[in-house]
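Subject: Handover of a structure and notes on its contents

Dear colleague,

Please find below the structure that I am handing over to you. My notes follow it.

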Amino acid sequence: MSLPTVSDSLSLISPKRLDEAWGEEVIRFENLSVRFRVPAERMRTFKEFAIRRVQGKVSFREHWALRDVNLSIRAGEVFGLVGHNGAGKSTLLKVVARILKPTTGRVWVKGRVAPLLGVGAGFHPELTGRENVFLNGTLLGFSQQEMEEKFEQIVAFAGLEKFIDAPLRTYSSGMRARLGFAVATDTQPDILLVDEVLAVGDVAFREKSTARMNEFIERGTTILLVSHSMNTILSICHRVAWIHQGRVHMVGETEQVVAAYQANRDNAR
Amino acid sequence: MSSTNIPIYDSAQRVHPALEELRESIRYRYLIRQIVRRDILTRYKRSVLGVAWSMLNPLGMMVVMTVVFSTVFGRDESYPAYLLSGLLAWNFMAEATTSIMRNLVWGSSLLQRIYVPRTAFAISSIGTGLVNLALSVIPLVLVMLVVGVPIRLSILFTPIAALLLTAFSLGLGLLLSVFAMYFPDVSEMYKVALRAWMYLTPIIYGEELLANGGAKWLLVVNPMRYLVNIFRIPIREGRIPVWEEFWPAALIAGVMLAVGWLVFTRQADEFAYRV
């Protein structure tokens with residue numbers, strides 16, 4: 001089975017066209033590799049570990065989640081990532097979000113990154129909505145003052161004015177998701193990382209969040225989107241990379257990459 | 001937009017991880033404040049007496065222990081002050097180190113989703129401990145007034161002693177967390193070790209007991225003994241520790257913090273890889 005290689009697909013977009021369409025480079029991966037170390041046998045306790053250590057039986061299986069990734073993403077692009085489960089798409093987002101450091105190679109990011117991976121991070125059920133907004137906001141790296149300035153707007157967007165001083169445990173899961181999404185996106189991020197999280201909340205809120213996404217796209221926010229829905233990818237992405245077993249298998253215009261990916265997926269069935 | 005406002009993240013920029021972590025935890029100081037707030041609020045939120053518990057709790061314990069142990073060890077009238085100041089210092093260290101481990105384990109699920117400097121969680125635990133320590137000085141002073149131990153100006157030295165205790169606890173907590181991240185049972189083992197350690201430290205009994213019992217070496221090798229001492233001297237003896245008492249404590253605290261911070265930040269990236 002022969003598939004188009006990286007270099008073939010790179011030539012699909014001439015540098016000139018990119019320069020005209022998009023701004024400066026904002027994300028660059030250079031020979032990026034990430035290695036996980038998975039214990040060959042699960043050791044839950046220190047006792048077990050100590051015994052095995054003495055016996056010389058501690059071993060790790062190395063797993064390369066990403067291998068030699070080279071990509072360049074420019075300001076204003078909506079860049080999609082497709083691939084099978086475990087291909088390394090989410091790992092790539094985590095590298096941009098600084099959650100994971102490259103094992104080798106380099107990642108370079110310019111601008112403020114809003115990770116939608118962190119929606120509702122650190123929410124505590126006993127605290128009120130208000131307290132949680134501040135806790136969640138500071139977890140995302142905002143200062144106290146910034147949060148005070150944005151607070152009204154966040155609550156209004158989430159539509160939770162009446163409940164903001166009630167403990168979070170009294171909220172429905174939809175309300176929590178709304179609050180989390182409102183905090184995570186109520187900024188002017190330069191880069192937005194989305195990992196299929198848009199299906200939160202009720203229909204009205206989903207429309208609202210889609211509207212906000214579109215607002216971001218129009219304003220020129222760079223978006224890195226991981227999705228299994230080819231419809232979503234086809235409707236909003238400018239360019240797509242197909243990640244396969246940790247490597248960039250193909251990168252180029254949305255329709256071509258999606259078509260190749262789908263053909264391959266159908267063949268495999 | 002000026003280019004100075006745009007943050008640039010470059011993984012190839014070579015900064016020592018220990019320094020980078022320090023820089024980032026300063027940048028996340030608002031988060032540290034929020035976590036301390038959360039810890040103090042949630043602990044007492046659904047209780048009637050609220051934050052008063054953080055004072056009543058040590059007060060109750062102090063009264064019980066004073067009554068019990070004064071009859072055993074307390075020929076000296078300053079014994080209650082001896083016991084209480086020792087207990088405060090010890091409890092601060094014990095609570096801070098265990099909660100550093102707990103907080104980092106809580107944080108590890110978060111760290112799969114967003115970037116936060118890991119030490120921010122540890123520093124928050126210390127912050128919560130310091131707030132509780134400061135609050136328990138009130139019952140300490142109360143007890144001292146009741147039992148008639150004079151309160152002297154030298155009590156103002158205790159913040160410096162508390163600072164050294166803080167450094168020691170943070171270093172030890174970080175070091176323990178490196179193990180606890182891989183093996184959850186380390187925190188259980190530590191609880192047992194902590195108890196043994198406490199009874200080997202002159203908290204409820206005097207140093208003479210070990211010195212006369214031919215176990216003087218136990219005093220020499222126990223780092224907590226030096227730190228408890230400089231916290232205790234200004235309260236019980238009403239004087240500022242002399243240089244010979246001070247420098248070993250400062251050295252121990254400094255070395256522990258440096259070792260803990262370096263080992264932890266060196267290992268921190270590994271945590272994320274090993275899932």
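This is a predicted model: local features need pLDDT of at least 70, side-chain atom pairs count only at pLDDT 80 or more; totals for chains, interfaces and linings use all residues.

Residues are numbered from 1 along each chain as its sequence is written, while chains are lettered from A and ligands numbered from 1 in the order in which they are written.

Chain B as a whole

Chain B contains 11 helices and one strand; helices (H or I, at least four residues) and strands (E, at least two) are DSSP runs, numbered from the N terminus. Along the sequence, the pattern of chain B is β-α-α-α-α-α-α-α-α-α-α-α. Its radius of gyration is 20 Å, close to the 19 Å that the globule rule gives for 275 residues, so chain B is as compact as a globular protein of that length. The radius is taken over C-alpha atoms, and the globule rule is 2.2 Å times the number of residues to the power 0.38. The C-alpha trace of chain B spans about 70 × 45 × 40 Å along its principal axes.

Of the 275 residues of chain B, 39% count as buried. A residue is buried if 20 or more other C-beta atoms lie within 10 Å of its own, exposed if 12 or fewer, and partly exposed in between, with C-beta atoms placed from the backbone. Among contacts in chain B between residues at least 6 apart in sequence, 76% join residues at least 24 apart. Two residues are in contact if their C-beta atoms, placed from the backbone, lie within 7 Å.

Helix packing in chain B

Helix H7 (185–200) of chain B packs with helix H6 (residues 158–182) of chain B at an angle of about 135°, and the axes are 7 Å apart. Axes are lines fitted to C-alpha atoms, for helices over the stretch in contact, and angles run from 0 to 180 degrees between N-to-C directions. H6(B) and H7(B) are therefore oblique to each other; angles under 35 degrees count as roughly parallel, over 145 as roughly antiparallel, 65 to 115 as roughly perpendicular and the rest as oblique. Leu176(B), Phe179(B) and Ala180(B) of H6(B) meet Val186(B), Ser187(B) and Tyr190(B) of H7(B) in this contact. By class, the contact has five nonpolar, one polar and no charged residues. Here Ala, Val, Leu, Ile, Met, Phe, Trp, Tyr, Cys and Pro count as nonpolar, Asp, Glu, Lys and Arg as charged, and the others, Gly among them, as polar.

H7(B) also packs with helix H4 (residues 79–110) of chain B, at about 170° and with the axes 11 Å apart. That makes H4(B) roughly antiparallel to H7(B). The contact involves Trp90(B), Ala94(B), Thr98(B) and Met101(B) of H4(B), together with Ser187(B), Tyr190(B), Leu194(B) and Met198(B) of H7(B). Its residues comprise six nonpolar, two polar and no charged.

Where the chains meet

In all, 32 residues of chain B are in contact with 36 residues of chain A. Strand E1 (8–10), helix H2 (29–44), H7 and helix H11 (243–273) of chain B each supply at least two residues of the side that touches chain A. H2(B) gives the most to that side, with six residues. The side of chain B that touches chain A has 21 nonpolar, four polar and seven charged residues.

Strand E4 (residues 104–110) of chain A and E1(B) pair in the antiparallel sense over three bridges; two strands pair if DSSP finds at least two bridges between them. Ile8(B) in E1(B) is the bridge partner of Lys110(A).

The sheet of chain A

Chain A has an open sheet of six strands in the order E5-E6-E7-E3-E8-E9, with mixed pairing. Strand E5 (113–115) and strand E9 (247–253) stand at the edges, each with a single partner strand, so one side of each is left without a neighbour in the sheet. The twist averages 20° from one strand to the next.

E5(A) and E6(A) pair in the parallel sense over three bridges, and the bridge partner of Pro115(A) in E6(A) is Leu193(A). Leu193(A) in turn has Leu224(A) as its bridge partner in E7(A). Five of the five residues of E6(A) are buried.

With kind regards
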